[in-house]
Amino acid sequence: MISGSARAPRPRLRARLRPRSRLRGAAAVPVLAAFGPALLGAAPGGSGETVSLAGSGPGQRLDVTLVQVVDPASPADEQGPAPDTSTRLLAVRFRLENTGSAVYKDSPAPAAHLLDTAGKRFSGLNSPTTAGDSFPDTVTLSPGGSAEGFVTFRLPQEATAAAVQFALNGGLADDVGQWSLP
């Protein structure tokens, strides 16, 4: 189930496997922001879409499911420093299932990115939130194993989330799963 803030309706997700663009960095983001919604088909049911991704090494394959989006998410430690009012946290819950023949050992946070409607890209963080348990720094899954956890993003208050991406090998593999957010 996908959940947003209490004020917003549930977002519809659209997911698609896409090859990594030859356009890198700043050049790729505006193209994605402009054409991404047109290139991505609507996911059946609008949630729980699974994308099968290959890694750079032999036998590396993972089914990645975007399970939940929490926007805004609250920091888990309310006793910490005063929150920065110019930014907010957004937490995305992923389910990872090793469908390959090799052991998956990677860090999910840097493998995930969030794109906003202005074309800015935000890297995933291992910041705990009240949304639920974050992934550990490193996840190790034998073939057939699975894990679920949150990846957190810090973005400006005024930013509108457009898409979430995930790729194996610390986000550097050629296969990139992308889920569009309304």
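This is a predicted model: local features need pLDDT of at least 70, side-chain atom pairs count only at pLDDT 80 or more; totals for chains, interfaces and linings use all residues.
Visitor: Why is threonine 87 called buried?
Guide: Buried means under 20% relative accessible area, exposed means over 50%, and partly exposed is in between (1.4 Å probe, protein chains only). Threonine 87 has 16% relative accessibility, so this residue counts as buried.

Visitor: Why is asparagine 169 called partly exposed?
Guide: Its relative accessible area is 25%, so asparagine 169 counts as partly exposed. Asparagine 169 is found in helix α3 (residues 168-171); helices are DSSP runs of H or I with at least four residues, strands are runs of E with at least two, and both are numbered from the N terminus. The phi angle of asparagine 169 is near 55 degrees, a positive value in a residue other than glycine.

Visitor: What makes the link between threonine 87 and arginine 154 a polar contact?
Guide: A polar contact is a pair of N or O atoms within 3.5 Å; within protein, one must be able to donate a hydrogen and the other to accept it, and residues adjacent in sequence count only if both atoms are side-chain atoms. The side chains of threonine 87 and arginine 154 make such a contact at 3.2 Å. Threonine 87 itself lies in strand β4.

Visitor: Why is the pair of phenylalanine 94 and phenylalanine 166 called tilted?
Guide: Rings of Phe, Tyr and Trp (its six-membered ring) pair if their centres lie within 6.5 Å; planes under 30 degrees apart count as stacked, over 60 as edge-to-face and the rest as tilted. By this rule the count comes to 2 aromatic pairs. The centres of phenylalanine 94 and phenylalanine 166 are 5.3 Å apart and the planes stand at 50 degrees, so this pair is tilted. Phenylalanine 94 in strand β4 (residues 87-98) and phenylalanine 166 in strand β10 are 72 residues apart, and the pair links distant parts of the chain. Both of these phenylalanines are buried. Ring pairs also bring in Trp179, giving a cluster of Phe94, Phe166 and Trp179.

Visitor: Which residues have the most contacts inside the largest nonpolar core?
Guide: They are Phe94, Leu96, Phe153 and Phe166, in a core of 31 residues. A nonpolar core is a set of buried Ala, Val, Leu, Ile, Met, Phe, Trp, Tyr and Cys residues joined through side-chain atoms within 4.5 Å. A second, separate core of 5 residues includes Val70, Leu89, Ala91 and Phe150.

Visitor: How do you know that β10 and β11 pair?
Guide: Two strands pair if DSSP finds at least two bridges between them. Strand β10 (residues 161-166) and β11 are joined by 4 bridges and run antiparallel. In β11, glycine 177 is the bridge partner of phenylalanine 166. Strand β11 (residues 175-180) is mostly covered, with 5 of its 6 residues buried.

Visitor: Why do β2 and β9 stand at the edges of their sheet?
Guide: The open sheet has 4 strands in the order β2-β3-β4-β9, with antiparallel pairing. β2 and β9 each have a single partner strand, so one side of each is left without a neighbour in the sheet. β2 and β3 pair over 5 bridges, and valine 51 has valine 64 in β3 as its bridge partner.

Definitions and conventions
Residues are numbered from 1 along each chain as its sequence is written. Side-chain values use heavy atoms; hydrogens and water are left out.
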